[in-house]
Amino acid sequence: MILSTTFKRMAFVILALSSLLFAASDSSAQYTRHAVFEEVTGTWCQYCPPGAWYSDSTEHKYGDNFVAIAWHGPVAYAEPFATEAGDTLVASFQIGGYPTALLNRAYSGGFSQGASMGIGVYTQAAQVPKEMNKPAVVDFRIVNLTYNAGTKDVEFDVDITPLDITKMMKEDTAEYATVAVLTEDDLASDQTHFSAGQLEGFIHHNVVRKVGGKVMGDKFTLGTLLASPTLPVRRHYRMKIEGDWNPDKIKAKAFVMGSYIDEKKNVKYTEIYDAGQSPYVGAFGPEAVDAVWVVLPKAGYTIKKATPTNIIWSKSGATTSVKIEYTVDGGATWTTVIASTNQSPYAWTLPEADYGKTAQIRITDVSNAAIKALSAEFPTPGVIAVTKPALNDSVKAGEATLITWTKANTSGRFEFHYSTNGGIKWNYIGVLNNADATAYSGWIVPDIATTPAVVRVRDGNDTTIFSVSSSFIIHKEVVTPKPGKFLSLTMAGVVNNKIGSSEPTTFSWTKENEVGATKTIQISTDNGASWGPATTATGDVSFTDYTTPAGHIPAALFRIYSALDQSDMYTMTTPIEIGSNISVKNIGGAPTAFTMSANYPNPFASTTNINFEVPERNFVTIIVRNELGVEVARLVNENLDAGKYSVDLSAANLSNGLYTYILESGSTKLVGKMTIVK
């Protein structure tokens, strides 16, 4: 079967609404769907006992949530029930000789194909609670219920409000219809075609006596396609109680029904969306009760940030205009939204200062302050406020830092980011799934240069809820090295604090930390009063060449420092003797080989003389050692030109004993023996 465009649009409307909550039909909105059990059977027929038994047990279990919309009963009950317009239930349902029980009118083909085809039979006990638990579509109420005992007229209005206006304003709502009925309770009927005493006295509750308007419902639109719809949509019904009815047992009942299309099956379905039951008619007088009530917001209603919220309210009786207020402190104080209005919906935007609290709406009759109604409490948009890091906090790079915040009306998921460019770019920190959390210790601050930064904490399930911290400083600690410092300075070739004059040597030093690329070494010959020429070592080296001054310096000091900072200076503490005060005499001649004569006199008591020959310029040493091998004198320790030389040794500071004297020059080594006898 090919479906029309209208039916396809209608199908989308009804299916989209199936996720909404439902409301009861009194002024205290209970969002529980009612089950509608349409029992097209009866107790008088010998072919219908199963339906009768099930009908009886179901109404005891579900009470006012069970209604026998059409009852195939005795002629005495005026079957089929006619509407004020003259049409009948049985004719509309196309019921045949053996009626079938229908639940919620949810069967393929709609009403036009009838129940006699044997399809869509839902009398199973398990199906009723399924119908009761179906999601709601509209808020639905019977209001302004009156009964005129003189004329026996029952009048009432049916208020219908979609529970998601924004959604429904985008959808076609043309395929709605209301059905209003009067039901009578405690109807008794015996089973026919049985002997006396068998299956007697069946009692039926909430059996339809009259249908207002049309059996198949009065079609209407909710008007949500209009730019400014008026809600609730109100439908008026008037029905007369017949002479044999009991007004004390009559109830008014209404429901909304809609049609939708199962796209997969390509079948049209009709379904009932509510079956709220009003109290007994006999309890109402000829005038409607003055009352107001709030339809939306309701419990669990979502208010979005900086977005108008539709306050939908309604009234009964003589009430015309109302005052709208709200509270966010449990009713301790009330803030006026508007002092007087008759507009519904009324667009209201909650101030941001009240976010994160629990709100409630109050509607009050302007002409009678005693007539008022409260909405259910509902949450306002959530809020988060970062408390740490705080303004100008110093946060160390590379270390764990605590993030703390306060929150209200948030979900159980928090996300964390940081920015170092004022929020232009956010860097991920982490996520925490804990609805009660107000602290996060998992942030290791990035190892970046010192810079201002901010942290953002936001609701992971609603990213419009977030807070950015005040600016703080990510501080990268710069470790300043200790100043360079020389710890020691030594000179190669120094023996007993003596070194020869004009002698090549090297310096070495130790240092603490770097002291600069260029090192400077200076000499002082006047105990530090002045410092002479410098020698330098460039680059990061450990040694530098140096030649001692010519001649004899009895006490020379050396110091070292860097070219960058002379505060790293180190000065030798022990003077060094350069050269010797012992006279080495050149007695002429042109020798051809290294030779050394025996000392004379030997033994000696005060002074002895040693002659030696140098064939070419070379560095020459003559060292005197005692019997233990300890150096006691250095007679020669310098460069000598080719020639014959004479040098004396004084025994003034030496003790008696055997001594060895050694001449060394390059690869030449000559040794002699001497004895001191005093």
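This report walks through strands, ring contacts and salt bridges in a predicted model.

Strand S30 covers residues 472-475. In a regular strand the side chains alternate between the two faces of the sheet. S30 has one covered face, made up of Phe472 and Ile474. Its uncovered face carries Ile473 and His475.

Two strands pair with S30 here. Strand S23, residues 394-396, runs parallel to S30, and 3 bridges join them. Within that pairing, Lys396 has His475 as its bridge partner. Strand S28, residues 451-459, pairs with S30 in the antiparallel sense, also over 3 bridges. There, Pro452 has Ile473 as its bridge partner.

## An open sheet of four strands

Another part of the model holds an open sheet of 4 strands. The order is S40-S45-S42-S41, and the pairing is antiparallel. Strand S40 (584-588) and strand S41 (595-596) are the edge strands. Each of them pairs on one side only.

S40 is joined to strand S45, residues 643-650, by 4 bridges. These two strands run antiparallel. Lys585 stands opposite Ser646 of S45.

## Aromatic rings

How many aromatic pairs does a search of the whole structure find? The count is 12. One of them joins Trp405 and Phe414. A pair of aromatic rings is described by the distance of the centres and the angle of the planes. For Trp405 and Phe414, the centres are 5.2 Å apart and the planes are at 50 degrees. This pair counts as tilted. Both residues are buried.

The two rings also belong to a cluster. Ring pairs link Trp405, Phe414, Phe416 and Tyr440.

## Charges over rings

Some rings have a charged residue over the face. Lys251 lies over Tyr280, at 4.7 Å from the ring centre. Arg456 lies over the face of Trp426, at 4.5 Å from the ring centre.

## Salt bridges

The model has 13 salt bridges. One of them joins Lys388 and Asp393, with the closest N and O atoms 3.5 Å apart. Lys388 has a relative accessible area of 37%, so this residue counts as partly exposed.

Arg458 and Glu415 meet through their side chains at 2.8 Å, N to O. Is Glu415 buried or exposed? Glu415 is buried, because its relative accessible area is 13% and the cut-off for buried is under 20%.

The side chains of Asp447 and Lys476 form another salt bridge, at 2.5 Å from N to O. This pair too links distant parts of the chain, 29 residues apart. Asp447 lies in the loop between strand S27 (439-444) and S28. Lys476 lies in the loop between S30 and strand S31 (485-491). Asp447 counts as exposed because its relative accessibility is 55%. Lys476, at 31% relative accessibility, counts as partly exposed.

Salt bridges also form a network. Its members are Asp153, Arg238 and Lys240.

Key. Residues numbered from 1 in each chain as written. Predicted model: local features only at pLDDT ≥ 70, side-chain atom pairs only at ≥ 80, totals over all residues. Heavy atoms only, no water. Buried < 20%, exposed > 50% of the residue type's maximum accessible area, 1.4 Å probe, protein only. Pairing = 2+ DSSP bridges. Phe/Tyr/Trp six-rings, centres within 6.5 Å; stacked < 30°, edge-to-face > 60°. Lys NZ or Arg CZ within 6 Å of the ring centre and 35° of its normal. Salt bridge = Lys/Arg side-chain N within 4 Å of Asp/Glu carboxyl O.
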